[in-house]
Amino acid sequence: VNKAFPIGGGLWVGLKPQFVTQNPATQFHYTSDVYEVPEASAPKLGLRSSVVTIETNLAPDTQGVLYALGGYSGGLAAWIENGSITYEYNLYTVERTRVSTTGALPTGKATIEVESRFEPGVRNGPAEIAIRVNGQLMGKGRVPRTTGYALSGNDSFDVGRDSFSPVSRAYRDKAPFAFSGQITKLDVRYTK
């Protein structure tokens with residue numbers, strides 16, 4: 001007996017993500033100069049219920065990525081374009097779900113919140129998305145299916161841009177689609 005078992009034991013972590021060592025933090029605080037954070041070190045925005053709160057100043061022509069996690073092969077992002085905030089959940093390019101705000105965005109100092117609620121204990125289940133600006137609900141929608149794994153094996157978490165491959169086709173030709181305004185801070189808080 002050569003004691004080679006279990007063969008492929010390292011694959012167990014991929015099949016059982018609950019055994020992956022995770023950062024015990026439940027809150028994360030970033031500034032606009034934080035980008036290219038490896039997904040393994042970033043908040044689990046594609047897996048855990050959370051609220052992303054962005055402090056910024058908005059002008060009528062403000063545009064660009066607020067934050068992005070992952071890339072073209074799988075990820076999520078929130079950006080401003082043509083006076084609207086859009087959130088996209090890109091499920092490995094198989095299914096892309098977008099949620100956008102309706103109505104005019106305010107100008108001046110603004111607090112943007114993107115809340116995602118995943119059903120607890122349901123792997124690959126749906127997620128409810130809500131976008132609030134200064135406490136007012138301006139967009140909501142449902143992502144029908146999510147992942148139980150990482151969104152990308154080789155991309156990153158970025159604030160104020162989408163550094164490598166773009167999460168969304170919507171701004172592919174403008175990548176990294178840097179935010180034209182100033183993000184004072186971006187906070188992430190897990191809600192479950």
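**From fold to cavity**

Mentor: Starting at the N terminus, the elements of the protein chain follow the order α-β-β-β-β-β-β-β-β-β-β-β-β. That comes to 1 helix and 12 strands. Keep in mind that this is a predicted model.

Trainee: What makes S3 and S8 a strand pair?

Mentor: Pairing takes at least two bridges found by DSSP. S3 and S8 are joined by 9 bridges, so they count as paired, and they run antiparallel. One example is Val51, whose bridge partner in S8 is Glu115.

Trainee: How do you know that S8 also pairs with S9?

Mentor: The cut-off is again at least two bridges. Between S8 and strand S9 (residues 127-133) there are 7, therefore these antiparallel strands pair as well. Here Ser116 has Ile129 in S9 as its bridge partner.

Trainee: Why is the space lined by Leu45, Ser50, Val52, Tyr67, Leu76, Tyr87, Val114, Glu115 and Ser116 called a cavity?

Mentor: The word applies where a 1.4 Å probe fits but cannot get out. A search of the whole structure finds 1 cavity of 30 Å³ or more, and the largest cavity has a volume of about 50 Å³. The elements giving two or more residues to its lining are strand S3 (50-58) and strand S8 (108-118). S8 contributes the most, with 3 residues.

Trainee: What makes Glu115 the charged member of that lining?

Mentor: Asp, Glu, Lys and Arg count as charged, so Glu115 falls in that class. The lining divides into 6 nonpolar, 2 polar and 1 charged.

Trainee: What share of the protein chain counts as buried?

Mentor: Of its 192 residues, 47% count as buried, the cut-off being under 20% relative accessible area. As for contacts with a separation of 6 or more, 66% are between residues 24 or more positions apart.

Conventions:
Residues numbered from 1 in each chain as written. Predicted model: local features only at pLDDT ≥ 70, side-chain atom pairs only at ≥ 80, totals over all residues. Heavy atoms only, no water. 1 Å grid on protein atoms, 1.4 Å probe; cavity = no way out; pocket = protein on both sides within 12 Å on 5 of 7 lines; lining within 4 Å. Points joined across faces, edges and corners; volume = space filled by probe spheres on them. Helix = DSSP H or I, 4+ residues; strand = E, 2+ residues; numbered from the N terminus. Buried < 20%, exposed > 50% of the residue type's maximum accessible area, 1.4 Å probe, protein only. Contact = heavy atoms within 4.5 Å.
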